[in-house]
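Here are my notes on the two-chain model, point by point. Please read them with the structure open.

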Amino acid sequence: MSTTLFRTIQPNHFTLLTTALLRTRRTSRHISVRCQTSTTTQQSSSQQQQPRTSAPKNHGSNKLDEILKDYEAVIGIETHVQLSTSTKAFCSCPNSYGSHPNTSICPVCMGLPGALPVLSSKVVDFGVRLGLALNCSLSLKSKFDRKQYFYPDLPKGYQISQFDVPIASGGYVDVDIPLEFGGGHRRFGITRVHMEEDAGKLLHSDAGDYSQVDLNRAGVPLLEIVSEPDIRSGVEAAEYGSEMQRIVRYLGVSNGNMQEGSLRCDVNISIRPIGQAEFGTKVEIKNLNAFSAMSRAIDYEITRQALLYNQGQADQIVTETRLWDEGAQKTVTMRKKEGLADYRYFPEPDLPEVILTQEYVDSIRASLPELPEAKRRRYEAMGLGIQDVLFLANDVSVAEYFDEVIGKGADVKSAANWLMSDIAAYLKNEELSISDVKLTPQELAELIAAIKDETISGKIGKQILFELLAKGGTVQGMIKEKDLVQITDPVEIEKMIMKVISESPKQLEQYRSGKTKLQGFFTGQVMKMSKGKANPALLNKILLEKLNAKD
Amino acid sequence: MATRALLAAVSACPRRRMGIKSSTCSSSLQFQRQESRIIARSFSSYTNSSLPDISRLAETARISLTPAEIEECEPKIRQVIDWFGQLQQVDVNCVEPAIRAEMEGGNLREDAPQTFENRDSIRASIPSFDETYLKVPKVLNKE
């Protein structure tokens, strides 16, 4: 039956798959309903009610749901993290992004004869840090190996890496899937973390039969993280990638920018019929510049491979590397691999063992910051909803700011709301980060307290927030300076109400003859008169009394 | 030139095997966690009976050999591998595997940047350097 389904698919439906990502209802033939309940319906004539299986939720695409009933995707991710050290891994050349090409070079990273590598202590430190953060076992003794191949951006003709004894192995990472993709917790295994050096940058010019090489990047330290093939969908992969980014930023070992190339993810993906124990043929996907691209590439590849299976052409799936074409939104063959590459690994003779003492490891473990997973669980325990939790824990600076605010005693839910709504909107508009705002956590706590004890109204609070964010200052100072204290004396409010009523007899007439909506008009007038300081609750209560009185 | 090929072959020699069958094809990696204080590691590319594919090896090492040279090399390489193979007869079951030959580790460098003073002569010595970049043949695929 699924074969007939696929025969009705026109090629351009694959582009429809991507529009499904926008999570809007498609008004074309197929309607997909995103919900937590157990049914998916589509209006194609050949389908009836489909019960949703326990397969992972994806972008609401029916094609993918269909496929995932028959096939399971097995996905592993290799992540390369460029470390934010001051020097390269094996020489003291400066490690700074964006320098003029071929200026950060020396005989060691250029691979000139006679030059010898010397490992940076910072690289070991960062390796241990990341290994611990990913819950790995550390190898107290590890070594470097030469991975040999020829390529124009590889000066030595080999890359110094770690082959069989990596610095860390056997870990895991816990993630929370965002609500819009189904929510829930997942744990993905980490096979290993190892240290290695980056190659230079190769630039291909369209004209001519030559390319250009910039060796500033050659020798920059990398940590490679290899995951277990535990990932099952594009959504899970994107979240794994995001969590890797979050962790390296939390730890301060890398700035984790996919655009800059300091975080690179390659996906290995195969599919197999559900129930089959053996893995299918593995395909590698490269050239992914964003987590969303990763997700779309995986969805595309699952569909491509399933199609071949369904057409009885599973043997057309070969071990190869494919590139993600962002423009065409599809994967394309780069080159078919002829068997596995033979890198002829052997231990790097120019570098001694890397030896870690237990004390060293323990001291690093003790200095680790609170990691994203721990933060999320702590915020959940404080009573925040998962949406708030995911937002606040996403950026380490925002989380730190939030922790400071509630550290000053502010109400947790209020603090979360301010950060997620008004402050987040301000940061987005002004293109700033939380570290740039002039509003200190102390003052935000003050603001929350002032509204809570009704010194000022919520509306006034929002107004002065803007100024506090832009110019700083204190809440108390601003209240005094602008005379913003809320009017909570019922006598005073009543006076203002009576005045407004007496000045608007026509509206009073209309209200009393049924136009109750005009209450808003009166409220507005009193607010105007009081310069916004009247306590809204009290105002409405007394206003209603007066409006409905027989007088 | 032939010696280079030999070196390449030797480096792919079978290492310490603790009675564990290793695969005959490309590098296999078995990494077993400690159970009884001895970590079993086996990472051989070739068993005793098979030889490396000399022509393939020469290609990956970018060394060109004529068929005659390959034929000439093979027995010599076999001899070297067999010679090293004698090590397999040593009983090392009660010895903890060493990762490297020497015993000291360490020798780490501070993360303090230093500019190399003579970068100009490095760039000057590159035949195909054009002001900013190294000019190289257009190679699109890694090995």
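1. Start with the charged pair. A:Lys122 and B:Asp111 form a salt bridge, with the closest N and O atoms 3.9 Å apart. The rule asks for a side-chain nitrogen of Lys or Arg within 4 Å of a carboxyl oxygen of Asp or Glu. Across the interface of chain A and chain B it finds 1 salt bridge.

2. A word on the basis. This is a predicted model, in which local features need pLDDT of at least 70 and side-chain atom pairs count only at pLDDT 80 or more, while totals for chains, interfaces and linings use all residues. Residues are numbered from 1 along each chain as its sequence is written, chains are lettered from A in the order in which they are written, and side-chain values use heavy atoms, without hydrogens and water.

3. Polar contacts across the interface come to 18 residue pairs, both residues at pLDDT 80 or more. Such a contact is a pair of N or O atoms within 3.5 Å; within protein, one must be able to donate a hydrogen and the other to accept it, and residues adjacent in sequence count only if both atoms are side-chain atoms.

4. Which element gives the largest share of the side of chain A that touches chain B? That is β11(A), with 5 residues. By class, this side has 36 nonpolar, 16 polar and 15 charged residues. Here Ala, Val, Leu, Ile, Met, Phe, Trp, Tyr, Cys and Pro count as nonpolar, Asp, Glu, Lys and Arg as charged, and the others, Gly among them, as polar.

5. Now the extent. Chain A puts 67 residues into the contact and chain B 48, with contact meaning heavy atoms within 4.5 Å. The two chains bury about 5,100 Å² between them, 58% of it on carbon and sulfur atoms. Buried area is the accessible area (1.4 Å probe) lost on putting the two parts together, summed over both.

6. Strands are DSSP runs of E, at least two residues; helices are runs of H or I, at least four. Pairing needs at least two DSSP bridges.

7. A:Gln212 has B:Lys135 as its bridge partner. A:Tyr210 stands opposite B:Pro137.

8. Chain B itself has 4 helices and 4 strands. From the N terminus they run α-β-β-α-α-α-β-β.
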